[in-house]
Amino acid sequence: MKREQLYELAWVLPSIAIPVGMLVALLVTAFGMGIHVPTHVGTVDPQHLATTPPFDKPGVVETAPGTYHATLVAQVWFFEPKEIRVPVGSEVTFEATSRDVIHGLRIQGTNVNLMIVPGQVSRATARFDRPGEYLVVCHEYCGLGHHTMAGKVIVEP
Ligand code: CUA
């Protein structure tokens, strides 16, 4: 093999190996470890939230000892319910949708960070091992009152 061809090969082989490696990493994390964007777990008609379970009754329910399911509806410019209370050590699955425009749902001190899109259901789970108040904010500009759109998760000792 000529020297030029060896040089070429030294570039060609890594430029094939790197994307293949990235693809493998993507497949392992997505399918092997189940890491994916925490959104779009279902659809719902935003016109009929008042008659569509679970969004007809926003709030928090205990589904098993220490496990809670919180249903949230976002609208200009508040979350319903505004306050969620759970005991310390709880695992809470948040399921949310929007009644009107695109909102966000970020819970401080947790990894919950969702887009709340009308017509779509978003879901994320967090564990609350420290008592206190966790601020819930809308992180997507949704109009004049966007900066006032907040709620809280109260973790009781
Ligand atoms: Cu809702 Cu910003």
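A residue counts as buried when its relative accessible area is under 20%, and as exposed when that value is over 50%; between the two, the residue is partly exposed. Keep that cut-off in mind while walking through this model, which is predicted.

Start with the cysteines. Cys142 has a relative accessible area of 9%, so this residue is buried. Cys138 is buried too, at 6% relative accessibility. What about disulfides? A disulfide is a covalent bond that joins the sulfur atoms of two cysteines. The structure holds zero of them.

Now turn to the aromatic rings. How many aromatic pairs does a search of the whole structure find? The search finds two. One of them joins Phe94 and Phe128. Their ring centres are 6.2 Å apart and their planes stand at 75°, so this pair is edge-to-face. Where do the two partners sit? Phe94 belongs to strand 6, residues 90-98, while Phe128 belongs to strand 9, residues 120-128. The pair therefore ties together parts that are 34 residues apart in sequence.

Tyr134 has 7% relative accessibility, so Tyr134 counts as buried.

Which residue places its charged end over the ring of Phe78? It is Lys82, whose charged end sits 5.0 Å from the ring centre.

Finally, look at the surface. A nonpolar patch lies there, with about 1100 Å² of accessible area together. Its members are Met1, Leu6, Leu9, Val12, Leu13, Ile16, Val20, Val24, Val28, Met33 and Ile35. Take Val20 from this list. Val20 lies in helix 1, which covers residues 3-32. Its relative accessible area is 48%, so Val20 is partly exposed.

Technical notes: Residues are numbered from 1 along each chain as its sequence is written. This is a predicted model: local features need pLDDT of at least 70, side-chain atom pairs count only at pLDDT 80 or more; totals for chains, interfaces and linings use all residues. Side-chain values use heavy atoms; hydrogens and water are left out. A disulfide is a pair of cysteine sulfur atoms within 2.5 Å. Buried means under 20% relative accessible area, exposed over 50%, partly exposed in between (1.4 Å probe, protein chains only). Rings of Phe, Tyr and Trp (its six-membered ring) pair if their centres lie within 6.5 Å; planes under 30 degrees apart count as stacked, over 60 as edge-to-face and the rest as tilted. Helices (H or I, at least four residues) and strands (E, at least two) are DSSP runs, numbered from the N terminus. A charge sits over a ring if NZ of Lys or CZ of Arg is within 6 Å of the ring centre and within 35 degrees of the ring normal. Patches are made of residues with over 30% relative accessible area and no salt bridge: like charges are joined within 9 Å, nonpolar side chains (Val, Leu, Ile, Met, Phe, Trp, Tyr) within 5 Å. Accessible areas come from the Shrake-Rupley method with a 1.4 Å probe; for residues, only the protein chains shown count as cover. A salt bridge is a side-chain nitrogen of Lys or Arg within 4 Å of a carboxyl oxygen of Asp or Glu.
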